[in-house]
Amino acid sequence: MSTATPQKFEFQAEIKQLLDIVIHSLYTEKEIFIRELVSNASDALEKLRHTQITETEIFDDKLDLEVNVTTDDKAKTITIQDFGIGMTRAELIENLGTIAHSGSKAFLKSLSEGGAKNSNLIGQFGVGFYSAFMVADSVKVYSRSWKKDEPGHVWSSDGSGSYEINESEGERRGTKIVIELKEDAGDFAQDWKVKEILERYSAFVSFPINLNAKRVNTIQALWLRNKNEIKDEEYTEFYKFQAHAYDDPRLRLHFSADAPLAINALLFVPKENTEKLGFSRLEQSVSLYCRKVLIDAKPKDLLPEWLRFLKGVVDSEDLPLNISRETMQDRALIEKLNKVITKRFLKFLEEQAKNHIETYNEFYAEFGIFLKEGAAMDFTHKDQLVKLLRFESSLTEKGKTTSLADYVSRMGGEQKEIYYLVGPNRAAIESGPYLEGFKARNLEVLFCYESVDEYVMTNVREFESKKLLAADHSDVKLSDLPQPEGGLSKGEIKDLTKWLKDTLGKDRVDEISASDRLVDSPVLATSADKMMSPHMRRMMKAMKQDGADSAVKVNLEINPRHAVLKNLHTLHTANPDKAKLVAEQLLDNALISAGLLDDASAMVARLNKLLESA
Ligand code: ADP
Ligand code: MG
């Protein structure tokens, strides 16, 4: 058989099926064909580099290892040329005419698993070389092997069932793919358009990529370099480029792992938490690469939700370029990556918290909310995350924080629970009535200022088998203190509580008792509804949820040593009308402290009345 005569071949049946889908799909991101062809070119260059190590006789050995992309807007063509390993005639048939290779095979497999003519699958799989037919009227592959005695060939097809191979004189080593673009794909013959695509998908390919003789990829795949040789400025430059960021990174973690998967990762924490600034919810945006070629810029399950503030790159050579969330096998790979990276990042934070306290605290002030979210929702990592939480407390200075572990180390022998109070800020919590009983007993109380805190604390539930308990919860029972002289007697308390109950009415007040946690305040309210704390109710109100508008019903605790209560006891028989006004006002005061007063207008009228009589 003479190789000089034109040779026509039928594609394998599977390839025909594949081409039919590729050509007729309405898949919108046709641009991925560039990624596929450039990564094939890069693979071919890599293979040549290996061959150069083992072989001495290499055709065209002086050629630079680079990829040249050229566009011709008039002729409506795009050409992708590499000086890589090239293909012999047999290899052209084997590689481009049969379905022996990875990506396309997986694509077909998933189709037969029920994907039908799902055009989305193309995007996920890339379908390698054949993706060129999404945009091509015809594809010509000029190739010449590195082997000295092999002649060059041109493989050509319009994708309609057959291809031709002819010998071709004067080819250089490697492969040149010329695509005649379809009418509606003319954009891919535009320099600016192709530049944009190359920058997106192929920015870190290690071989130079030139577009119309201009170098496109100038930034290195920093994550694959030895971290001892990388300067801070290089990291920063990389971060800005890769994450499209304008700030400097706050923290970075550069690591590699070999098992269970080969991973090279470079992760950054940005300076600012934009969610906190009120911008929209962040999207997971650590990009997934396979040997420097972008697989997915926003792979959804690569990291847990609460790590959505991270930027950077994860590269694993164990991944197929055409990874898909549709197949079990690939999902398992992503899960493995997720596990390794999350574990490593948590370890990194632990180290920061231990050895770089100030840096960690600054990080926490900005991004702590994500750790709280994780502690509350991510059961797998909860224990580690809880250790990373920080709070101000009644024993810290303003602006200084404590960990739960440190809190526990300060707990006295009798203290069984960890107490916390939720409030808008330190001053509000310190001036409210709830803290004083704890202070009087030397019990530390954590201060929580964020609206999610109550939810977080409720979900975390306990730490080192100590229950987390809201200090304003009606369940809190404090030890007895020696009672100071001069309080109301038992009998007087009984009188007064009964009168208060009748006066304030069952609808608003459930239980009234003399309090063991009040020192300086006359009265405090706790929610009578165990399921809905005052704070929870406020949150629901803010979110306009059902149930938030139901009438508030509270338990009241009164301070029998407080002058107001002592006076009230006298007043309730001497001047019942005025006493009623005082009782109402005390209830409202307690509701204000609990954040439960919905409407203050009645209070203003009452206060005016009380002032009149003063
Ligand atoms: P994959 O890259 O997943 O193997 P492709 O469909 O992209 O699948 O490519 C099929 C095969 O064709 C490759 O495995 C390779 O052997 C060969 N090939 C494609 N492009 C080139 C090239 N530029 N140089 C040499 N061989 C190539
Ligand atoms: Mg490929």
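Trainee: What should I keep in mind before I start?

Mentor: This model is predicted, so local features need pLDDT of at least 70, side-chain atom pairs count only at pLDDT 80 or more, and totals for chains, interfaces and linings use all residues. Residues are numbered from 1 along each chain as its sequence is written, chains are lettered from A and ligands numbered from 1 in the order in which they are written, and side-chain values use heavy atoms, with hydrogens and water left out.

Trainee: Into which domains is the chain divided?

Mentor: Domain bounds come from an automatic or database domain assignment. Here you get domain 1 (7–215), domain 2 (222–354), domain 3 (361–470) and domain 4 (490–613). Between the centres of domain 1 and domain 3, taken over C-alpha atoms, there are 58 Å.

Trainee: On to helices. Which residues of helix 1 are buried?

Mentor: The general idea is that an α-helix has 3.6 residues a turn, so residues three or four places apart point the same way. Helices are DSSP runs of H or I, at least four residues, and strands are runs of E, at least two, numbered from the N terminus. In helix 1, Ile 15, Leu 18, Leu 19, Ile 21 and Val 22 are buried (under 20% relative accessible area; exposed is over 50%, partly exposed in between, with a 1.4 Å probe and protein chains only). Seen down the axis, these buried residues fall within an arc of 165 degrees, so they line one face of helix 1; the arc is that of the directions from the helix axis to the C-beta atoms. Ala 13 and His 24, on the other side of helix 1, are exposed.

Trainee: And sheets: in what order do the five strands of the open sheet run?

Mentor: Two strands pair if DSSP finds at least two bridges between them. The order is 10-11-14-12-13, with mixed pairing. Strand 10 (251–257) and strand 13 (293–296) are at the edges with a single partner strand each, so one side of each has no neighbour in the sheet. Strand 12 (residues 285–290) runs antiparallel to strand 13, joined by three bridges, and Cys 290 has Val 293 as its bridge partner.

Trainee: How do strand 16 and strand 19 run, parallel or antiparallel?

Mentor: Strand 16 (residues 417–422) and strand 19 (residues 466–470) run parallel, with four bridges; Ile 418 is partnered by Leu 468. Strand 18 (residues 462–463) pairs with strand 19 in the antiparallel sense over two bridges, and Glu 462 stands opposite Lys 467. In that hairpin, with two residues between the strands, Glu 464 takes a positive phi near 45 degrees.
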